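These are my notebook entries on a structure that was new to me. I record what I looked up, one topic at a time.

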Amino acid sequence: MKRKGMVAFVVVFTMLLMASMPIMAAGAENCCEIGGVPFPTLQAAVDAVETEATIVLTADFAQTESVKITGGKVITLDLAGHTITGTDTTTKNFGLIDNVKSTLTVMDSGDDGAITLTATTDNDWNRYSAVLSNTQGTLTVKSGTIRHLGGTDMAYGIDSLTNGTIGDATLLVEGGTIDSVYRGIRQFANSTTCTNKLTITGGKISGNNKAVWLHSSNKYANKGVLEIRDDAVVGDVYVWADTGADGSELTLTAEAECVTQMINGLPQNYMILQADGVYGIVETAKITLSDTAVSLSKMTGPAVLVLASYQNDVLVDIEMIPVTGDISQTISETGLTLEGADWAAAFLWEDILTMKPVCREMAISLS
């Protein structure tokens, strides 16, 4: 009797122990691990992180739910040669991996590691769909492939958003491949108090409709910093701000050899210029031709002072001012409002056959 009682106790205890363990569906496999401890889902691994950890993929798997990283956690996601195949079935804003006010680094210690996403519902321009979404967080991509395969209009490989006044958004791309059927990266600068910063020092960024979009929405002077340099290979870069914006707080430093094309979508009084192989944003301004640049000394009119402004050595504007008195004084006090020019020159037109150069001044310098 004692033996039978003991057996019954062991059976009941075992059943209770099994009931307390997490139940996995038949055929389910672990997809990732932290320090050798396996997890059945990526979200389960993220939730298990208290402050900081590296999550290593151990298998290819499909993902339909958004993986949320919150609470200021610091996570490194190592693809380790595996692929996450994502499907966006929603009709709302969606990030397959959504980094919110936390720190995420994506890398691939293996070969051909990737995260892909396909949307099943086209919601036109009413919502975004992104492989990686970075909301007021810090995101670094070191290696691996991030690719949006389409299915809805606003499809991004990475969408980095400031979204309000709580914190900055920082995105650093050091390597890897980021691609989308729409735009590879959207840098959504939509805050006047917090800065959205994107730095690209390596990797390949591409998109069927622009590789990088610095997007400053609404009429406000939102803060954004875009830097492209070193070994980066970037397609078309689109810098855009609402035409009604009351000024601009956008900063651009992009090495021309790293970019296929720079597209200006800024308000009329701002322009993108290249100097010494570097693109920058400048505000068109009023240039005053200085006394030191005047080669004529105390000449008097009558004559016509011709002020000409140029962009890429092409005349874009000309202004003619009759001069009857001290020509050098007239030149030093005359300003020319530049509308898309990078340098200006002044000429003295005494008669139809002579136009003497007076001075030439650089309107804007990026050095």
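**Entry 1: a pair of strands.** I began with Val141, which stands opposite Val173 in E15. The two strands concerned are E12 (residues 138-141) and E15 (residues 169-173), which pair in the parallel sense over 4 bridges. For pairing I used the rule that DSSP must find at least two bridges between two strands. Strands (E, at least two residues) and helices (H or I, at least four) are DSSP runs, numbered from the N terminus.

**Entry 2: what I am looking at.** I note that this is a predicted model, in which local features need pLDDT of at least 70 and side-chain atom pairs count only at pLDDT 80 or more, while totals for chains, interfaces and linings use all residues. Residues are numbered from 1 along each chain as its sequence is written, and side-chain values use heavy atoms, with hydrogens and water left out.

**Entry 3: the chain as a whole.** I found 3 helices and 32 strands in the chain. Of its 367 residues, 47% count as buried; buried means under 20% relative accessible area, exposed over 50%, and partly exposed in between (1.4 Å probe, protein chains only). The chain exposes about 17900 Å², of which carbon and sulfur atoms supply 53%. Accessible areas come from the Shrake-Rupley method with a 1.4 Å probe, and for residues only the protein chains shown count as cover. I also looked up contacts, meaning heavy atoms within 4.5 Å. Among contacts between residues at least 6 apart in sequence, 72% join residues at least 24 apart.

**Entry 4: the sheet.** Which order do the strands of the open sheet follow? I read it as E2-E1-E3-E6-E9-E12-E15-E18-E21-E23-E26-E25, which makes 12 strands with mixed pairing. Strands E2 (37-39) and E25 (270-275) stand at the edges; each has a single partner strand, so one side of each is left without a neighbour in the sheet. Neighbouring strands of this sheet are turned by 15 degrees against each other on average, direction ignored. For such angles, axes are lines fitted to C-alpha atoms (for helices over the stretch in contact), and values run from 0 to 180 degrees between N-to-C directions.

Entry 5: I followed E25 to strand E26 (residues 278-283), with which E25 pairs in the antiparallel sense over 6 bridges. Met271 stands opposite Val282 in E26. The hairpin of E25 and E26 has 2 residues between the strands, and Asp276 takes a positive phi near 55 degrees there.

Entry 6: Is Asn134 buried or exposed? Asn134 is buried, because its relative accessible area is 0%. I located Asn134 in strand E11 (residues 129-135). The side chains of Asn134 and Ser160 are joined by a polar contact of 3.2 Å. A polar contact is a pair of N or O atoms within 3.5 Å; within protein, one must be able to donate a hydrogen and the other to accept it, and residues adjacent in sequence count only if both atoms are side-chain atoms. Setting aside residues up to four places away in sequence, Asn134 touches several residues, including Asn99, Asp159 and Thr170.

Gln136 lies in the loop between E11 and E12. Gln136 counts as buried, because its relative accessibility is 8%. The side chain of Gln136 reaches the backbone oxygen of Asn163 at 2.6 Å. Beyond its neighbours within four places in sequence, the contacts of Gln136 include Lys101, Gly164 and Asp168.

**Entry 7: nonpolar cores.** A nonpolar core is a set of buried Ala, Val, Leu, Ile, Met, Phe, Trp, Tyr and Cys residues joined through side-chain atoms within 4.5 Å. The largest has 61 residues, and those with the most contacts inside it are Ile115, Leu132, Val212, Ile228 and Val239. E22 gives the largest share of this core, 4 residues. A second, separate core of 10 residues includes Ala130, Tyr156, Leu161 and Tyr238.

**Entry 8: loop residues.** Asn218 has a positive phi of about 60 degrees although it is not a glycine. I found Asn218 in the loop between strand E20 (212-216) and strand E21 (223-228), and Asn218 is partly exposed, with a relative accessible area of 30%. Asp230, in the loop between E21 and E22, has a positive phi near 60 degrees. At 40% relative accessibility, Asp230 counts as partly exposed.
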